[in-house]
Amino acid sequence: MLDANLLRTDLDAVAARLSERGYTLDRALYQDLDRRRRAALQEAEALKAERNRVSDEVGRLKRAKENADALIAQQREVGEQMKALEATEREIEASFRDFLAGIPNPPHASVPAGRDEHANVEIKRWGQVPDIAAPRDHVDLGTALGILDLDRAAKLSGARFAVLKGLGARLERALITFMLDRQTAAGYTEILPPYLVNAESMYGTGQLPKFEQDLFKVAHGEGALYLIPTAEVPVTNLYRAEILPAESLPLRHCAFTPCFRSEAGSYGRDTKGIIRQHQFHKVELVTFATAEAAEAELERLTADAEAILEALGLPYRRVLLCTGDMGFSSQKTYDLEVWLPSQNTYREISSCSWFGDFQARRANIRTRSKEGKPVFAHTLNGSGLAVGRTWVAVLENYQQPDGSIRVPEVLQPFLGTEVIR
C-alpha cells in the first residue's frame, strides 16, 4: 500500500510516477477524502476539548454543591455527537483505505518507462540455443511418449488442467526436489504453508481487493478461504502484524506449493498445453530485508533463480520490466525467460520482484531502524522456478530426432535414467 504521507507531501510527483505505469491518480477523489478526514479529525479534537471543558465545569459545580444538571445534559449531548462522529470517521477511513488499496506501487527510479513489454530491457542472455530441425512442442512430445494426458485431464476437470504419467510425473517430482535442494543449500529456509488462506492474507500481498476475479474462493463455515495463487501469499503473511528483529534480516524462505489461478480474462492466450494452467506447481523464493539491503537482495534472489536454469542447461535471458509491464505490487521486476524451441522465442519462467514497503505496509510487517524505531520491512519474491514451465523447457530443449528426451545430467539421479523414451 502506498504511504499516504507521500500523497500529502508531494501529490504531483506521485501522480507523475504512477502515470508511467498507465495509472491515472484520481486527485479530486484523494483531495476530497483527505479534506473530509482532516475535517473529521478537527471536529473530533474540538468535541474532545468541549467534553473536557464541560467535565471540568461539572466537577467544579459539584464540589461547590451547585446545580450541574444543565451541564450534565450538555455533556451527554457532546457524548452523542462524538459517537456519531466516530461512525463518520470509520466510514471515511474505510473509504480512504479502499482508495489507497487500489493504487499500484510507484516504480523505482531505475525502472525504464514504457507502456508495455516492448519497452522492457534485456539485461543478459545465458546458454546456447539448441539447433533443432523442425522442433516439436511439449504437447506433441509428451503425448507421443505417454507422459502427458490432456484429454483425460479435461474429462476430470475441464480445460487448462493436465495429467502427468510415468516418467512425466517423475520428472515433475524430480524438478521440485532438485529446486528445493538447491535453494535450501543456498541459504533459504524451506516452508510448507497452507494452500488455503484468509482474505487478510490475500489483502496483505495485494491480491485483494483488485484481483479477486483471478482467485478461486472456497466457502468455509460462515466465511470463505482462498486457494493460493502462489506461495508468496502464505509465506509473506507468516509475519503479518509482527516486528522482525533487525538482526534476523535478511530472512530468506523457499516453498513448494501447488498454485491455483482462474486466469480470468486470459482466454485465448497459451491455451494449448501446460504453459498457462488453473493448477500448477511452483517453488517460490521470499525474502524480508531492510530498506538499505533490499536492492542488493533483489540481485541475489534473481541470481538464485537463474542458478536453477543454468544447472539444468536451459538457455534463458534476464529482462528488466518497464513501468507499464510490472505487477500491481512491484516497484522493480526482473523476468527470467527460458528458450522454447517450438515457439522460437523466450518465454517467462520466473518473475523476481522487489516490493519496497508496499506489501509490508498492507500486512503491517515491521522491523526496527538503527535507532530502534519500528519501520516497515521490504519484501521480495520470485519463482525459483515455475515447475510446469521448466518441465516444458526440458522436453523441448532436450528433444531428440526420434522423439525421446535426453534427461539433464543433474536430474538423472532422480529419474534413474538418461533418456525418456
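The reply below goes from the chain as a whole to helix packing, and then to a few backbone details.

Reply: This is a predicted model, in which local features need pLDDT of at least 70, side-chain atom pairs count only at pLDDT 80 or more, and totals for chains, interfaces and linings use all residues. Numbering runs from 1 along each chain as its sequence is written, and side-chain values use heavy atoms, with hydrogens and water left out.

The chain holds 13 helices and 17 strands. Helices are DSSP runs of H or I with at least four residues, strands are runs of E with at least two, and both are numbered from the N terminus. Along the principal axes, the C-alpha atoms fill a box of roughly 105 × 45 × 40 Å. Of the 421 residues, 48% are buried. Buried means under 20% relative accessible area, exposed means over 50%, and partly exposed is in between, with a 1.4 Å probe and protein chains only. Take the contacts with a separation of 6 or more: 73% of them link residues 24 or more positions apart. A contact here means heavy atoms within 4.5 Å.

Now helix α4. This helix covers residues 69-101, which is 33 residues. From first C-alpha to last, α4 reaches 48 Å, close to the 48 Å expected at 1.5 Å a residue. That expected span is 1.5 Å times one less than the number of residues. The buried residues of α4 are Leu-71, Ile-72, Val-78, Met-82, Leu-85, Ile-92, Phe-96, Phe-99, Leu-100 and Ala-101. What covers these buried residues? The cover includes α1 (4-9), α3 (27-63), α8 (199-205) and α11 (358-363).

Arg-76 also sits in α4. Arg-76 counts as exposed because its relative accessibility is 59%. The C-alpha atom of Arg-76 lies 67 Å from that of Ile-274, and the two residues are 198 apart along the chain.

Next, the partner α3. Two packed helices are described by the angle between their axes and the distance between the axes. For α3 and α4, the angle is about 160° and the axes are 9 Å apart. The axes are lines fitted to C-alpha atoms, for helices over the stretch in contact, and angles run from 0 to 180 degrees between N-to-C directions. α3 and α4 are therefore roughly antiparallel to each other. The cut-offs are under 35 degrees for roughly parallel, over 145 for roughly antiparallel, 65 to 115 for roughly perpendicular, and oblique for the rest. The crossing of α3 with α4 is left-handed. A left-handed crossing has the near helix turned anticlockwise from the far one by less than a right angle, and a right-handed one has it turned clockwise. By class, the contact of α3 with α4 has 18 nonpolar, five polar and 11 charged residues. Nonpolar covers Ala, Val, Leu, Ile, Met, Phe, Trp, Tyr, Cys and Pro; charged covers Asp, Glu, Lys and Arg; polar covers the others, Gly among them.

α3 has another neighbour. Helix α2 (residues 11-19) packs on α3 at about 140°, with the axes 12 Å apart. α2 and α3 are therefore oblique to each other. Their crossing is right-handed. From α2, the contact uses Leu-11, Asp-12 and Ala-15; from α3, it uses Arg-27, Tyr-30 and Gln-31. Those residues divide into three nonpolar, one polar and two charged.

Now the pair α7 and α10. Helix α7 spans residues 167-185 and helix α10 spans residues 294-312. Their axes come within 10 Å and cross at roughly 130°. α7 and α10 are therefore oblique to each other. This crossing is right-handed. α7 brings Leu-175, Phe-178, Met-179, Arg-182 and Gln-183 to the contact, and α10 brings Asp-304, Ala-305, Ile-308, Ala-311 and Leu-312. Seven of the residues in the contact of α7 with α10 are nonpolar, one is polar and two are charged.

Last, the backbone details. Most residues other than glycine have a negative phi, and most peptide bonds are trans. The bond joining Leu-249 and Pro-250 is cis, with omega about 0°. Pro-250 lies in the loop between α9 (232-236) and β8 (251-260). Ala-241 is found in the loop between α9 and β8. Ala-241 has a positive phi, near 60°. A cis bond also runs from Gly-384 to Leu-385, with omega near 20°. Leu-385 is in strand β15 (residues 378-386).
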